[in-house]
Amino acid sequence: MTTVATKTSTAPELSRARSTSAWLHRHPSARLLGLLSLPGLWLVVAYLGSLAVMLIAAFWATNDFTGAVEHRTTLDNFRALVTQPVYRRVALRSLGVAALVTLVDTLIALPMAYYMAKVASPRVRRLLVVAVLTPLWASYLVKAYAWRVMFAKGGVVDWLLSPVGGHGPGFGLRATVITLSYLWLPFMVLPVFAGLERIPDALLEASADQGARPLRTFRSVVLPLLFPALLAGSIFTFSLSLGDYITVKIVGGASQLASNVIYDNITTGGNLPFASAAAFFPIIVMVGYLLAVRRAGALDDL
Amino acid sequence: MPSTAGRRLLVATMAVGLLVIYLPLAVVLVNSFNSSRTFSWPPRHFTTHWWSQAWGSAGARSALRVSIEAGLGATAIALVLGTMAAFAVSRYRWFGRDGVSLLLLLPIALPGIVTGIALNNAFRLVGVPFGLLTIIVGHSTFCIVLVYNNALARLRRMGSSLEEASADLGAGIWQTFRYVTFPMLRSALFAGGLLAFALSFDEIIVTTFTSAPGVQTLPLWIFANLFRPNQGPVVNVVAAVLVLLSIVPVWLAQRVSGEPVGARR
Amino acid sequence: MHGRPRTALVAVVGAGLLVLAGCGGSSGGGAKAADSAPPVPKVAMLDAVGAGEGQLDLVNWAGYAEDGTNDKTVDWVLPFEKATGCKVNDKIGNTSDEMVTLMKSGQYDGVSASGDATLRLIYGGLVAPVNTSLVPNYATVQDFLKNRPWNSVGSQMYGIPHGWGANLLMWNTKKVSTPPTSWGAVFDAASPYKGAVTAYDSPIYIADAALYLMRTKPDLKITNPYALDRTQLDAAVALLKTQRTLVGEYWSDYTKEVQAFESGNSVLGTTWQVIANLVTSDKKATVQAVIPQEGATGWSDTWMVAAKAKHPNCMYKWMDWITSAKVNAQVAEWFGEAPAQSLACDQTSDKTFCATYHAADKAYSDRIFYWTTPTKHCLDGRGNVCTDYATWTQEWTAIKG
């Protein structure tokens, strides 16, 4: 309510709740402060606070013998990450995988969501939404392992492709991209579907009436309107792929991604400072990505 | 409307898409009857042994309970905080308002491992004992945005005129919220809450870093058991059951909100 | 980002720094410059076992504390709870490193630590010396497991041995024509099995390469695969980088390894006896597993008591329980390793079990270099010129590329 309160309560007896209510009604800024207090405390103090403390740890060293964190400031961790070529390779590989997963999901989600939103009857539409959503409830790990079984030599993928003389990609980065695309597909379909639903059918018909062929309508009318929704979906597919370290262990053969480096250093090496330094990479990428998406005005479309 | 050929192409894509979505789930279901202890493919023999063993698995059942408790706890916190934030953004103009979406989105956009390590480190620093509570805190942090987005979209769409009318007619702000705003917001909150619950229910990475001994969520139980030769097949059973059970919340969503869970507006 | 969140962030960062500065200093220092072994933190030892405290919080390998929730017939926790009144809460540690991290949290009474974790725990002051006279079953534990470098300092035991095993060389007998007798088979750059070689996915695997170099490259003067100076580590890393081109996938859990051998994705590589047994019992692939001529790395697990255990009496009762003949046999069979308790061999349900696992075979055990934490202070007594495990971890990342 942005209007200034114009009425004061005239009730003769005010209960406490009522008096607070009236007071709050007269003081919008107090209402705002109240509303912001809890979420603010939670996210700014608890979440950003934890994040900040962890990031500070990146500038610390560890004891050579006990592995205990020592509070002396050093840039060694960053120096190692920047100078050793392996980390650059892993970082680029992770970006590539995340981008590829996002692309694959976009290409699959677009026609599926289009069919759901614009072609299917309302009853079928509901069924389809349920059908796309249901796998989200099956355990992520189990699905990833199912793909492992499918990609194995002589597994389902080989078996399906053998009639056409092909065979599956085997374990490796390709298998990782396919599995991740599978896992995160619903996170792309849903926003795109919602975005398509918001585009009035009349608009598409008008375009057709003006003589535009379907593909032209799609390119010139649907895609621009859908762009924010696509960006919104891509935040999920991109960030979830960038953060994954389990799938690549299951189907990735001998490959590793950026999150494996963080995970290995924290759990295997017990090296919090180095892991924190390595965590700067996904943080910088994702914050940059979010800022870019916000500039495109797509944050509200999630 | 697309042409007939285009239409056929769309139908075909949809069909293939669904097939690919369900193929791995079918593999899981078949493997739950696979007699091999490491569910190697193709199955040679079939057995219902794993199903009966899963039925008697107290570990899986208690993990399910922990997961539901954690999911409900996280969803409750997300509902309260997400709604508050949505009100603050939709009904007031203030300095920094534009940063809210970004801030709320951060926990879900940053890799789980970053959030997990950060929280784990902070809990230890402050001396919070690990347990169900820390899992709930971790989960709600990234669940808030789901409720917030749903609530914000609804609040913006319905505008504030009804609330103003209610106030003009003498209703206090609590009354206005209870009788005017909340009923209109309910289905959006439900959709957001369900999504939050779903996300919490299958979360593993942040949970890995925020749980304690004896407090195991279902994904953690699955993670611990999937890699053991005597237990892997039981995990397939649990996953198959989860897929079947997931019809409950999805059906509930349809009934209560009258719209699919994903369609948030 | 508009003003508010950023200023808030800065404020929080500032506050965080203050908090951390306040608690700093306590863990700094230590023995860095001195060439002597670092001091072992003084931790008191229990004098007598009193009444149980009613609770017991454990960190253990999957399968070490089964309470029948996974398989009704596999249960040695409930009988323990009934006998002692100590309720067991167990947390599975998936890797040695995770276990150390968990023990650092100070929430646990004890841990089933492998040799690559024990020294970190001892020198980190996280575990207490064990008064073996309070653990009656310790007397009949295999002698070759007592007072070893990974479970004791000086002649003081820091835990009770639980079970052990070797990292074997396994191959698919149908796909690999000549049975390999040397680890060279997995390091040969011209291997005909390129893409189907597998290796254990952990920095500790660097020791396997070091063991091979120790036998084949005497110039490097490696005497202990866990004590590598920079040159020696670089040689091992170079060997592993060559191996990387042969590896189809690295494995870290049984399921993955068994599946890979059964499907034919892997035909040659490191394994555990239990994995070989599983593959054999599934009859999808025929495999053989041996200790090659160079010897092998392996693990020997030890139950240790946390320095700040809240329930030390229950932990002592547990250590005695888990090494009792019958229970130790049960655990060993379920997990697939050699039991530490010599009397356990009479209690196994499979009478050939101890023979299969060479449980009483000292000579076999002597060919194993048990996982030990690499530290800056060389384990072979050369001083502080060795590379530590954090370094190995980073090299492992570089090896995988």
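Helix 13 of chain A is followed by G297(A), a residue with a positive phi, near 75 degrees. Helices and strands here are DSSP runs numbered from the N terminus, a helix being H or I over at least four residues and a strand being E over at least two. This is a predicted model, in which local features need pLDDT of at least 70 and side-chain atom pairs count only at pLDDT 80 or more, while totals for chains, interfaces and linings use all residues. Residues are numbered from 1 along each chain as its sequence is written, and chains are lettered from A and ligands numbered from 1 in the order in which they are written.

Helix 13 itself covers residues 272–295 of chain A, and its 24 residues should span 34 Å at 1.5 Å a residue, which agrees with its end C-alpha atoms being 34 Å apart. The expected span is 1.5 Å times one less than the number of residues.

Elsewhere in chain A, K143(A) is found in helix 6, residues 140–151. Is K143(A) buried or exposed? K143(A) is buried, with 24 other C-beta atoms within 10 Å. The cut-offs are 20 or more other C-beta atoms within 10 Å of a residue's own for buried and 12 or fewer for exposed, with partly exposed in between, and the C-beta atoms are placed from the backbone. Setting aside neighbours within four places in sequence, K143(A) is in contact with A138(A), L183(A) and P24(B); two residues are in contact if their C-beta atoms, placed from the backbone, lie within 7 Å. As for L95(A), it sits 48 residues from K143(A) in sequence and 23 Å away in space, C-alpha to C-alpha.

Chain B has twelve helices and zero strands. Its C-alpha trace spans about 75 × 65 × 30 Å along the principal axes, and of its 265 residues, 55% count as buried. Taking contacts in chain B between residues at least 6 apart in sequence, 77% join residues at least 24 apart. Between the chains, 78 residues of chain B are in contact with 82 residues of chain A. On the chain B side, helix 1 (residues 4–31) gives the most, with 14 residues. That side has 53 nonpolar, 16 polar and nine charged residues, where Ala, Val, Leu, Ile, Met, Phe, Trp, Tyr, Cys and Pro count as nonpolar, Asp, Glu, Lys and Arg as charged, and the others, Gly among them, as polar.

Over to chain C, where five strands form an open sheet in the order 10-9-11-8-12, with mixed pairing. Strand 10 (247–251) and strand 12 (287–290) of chain C stand at the edges with a single partner strand each, so one side of each is left without a neighbour in the sheet. The twist averages 25 degrees from one strand to the next. Two strands pair if DSSP finds at least two bridges between them. Strand 8 (residues 168–172) of chain C runs antiparallel to strand 12 of chain C, and four bridges join them; N172(C) stands opposite V287(C) there. Helix 9 (residues 273–282) of chain C lies across strand 8, strand 11 (268–271) and strand 12 of chain C, at about 165 degrees to strand 12. Axes are lines fitted to C-alpha atoms, for helices over the stretch in contact, and angles run from 0 to 180 degrees between N-to-C directions.

Also in chain C, helix 6 (residues 206–216) and helix 7 (residues 230–244) pack at an angle of about 105 degrees, with their axes 9 Å apart. That makes helix 6 of chain C roughly perpendicular to helix 7 of chain C, since angles of 65 to 115 degrees count as roughly perpendicular, under 35 as roughly parallel, over 145 as roughly antiparallel and the rest as oblique. The contact residues include I206(C) and L213(C) of helix 6 of chain C and A235(C) and L239(C) of helix 7 of chain C. By class, the residues of this contact divide into nine nonpolar, one polar and no charged.

Finally, strand 13 (residues 296–306) of chain C has eleven of its eleven residues buried, so it is largely enclosed by the rest of the structure. Strand 3 (residues 110–113) of chain C runs antiparallel to strand 13 of chain C over four bridges, with W303(C) as the bridge partner of S112(C). Strand 7 (residues 160–166) of chain C is also antiparallel to strand 13 of chain C, through six bridges. Strand 15 (residues 368–370) of chain C pairs with strand 13 of chain C in the parallel sense over three bridges, and A296(C) stands opposite I368(C).
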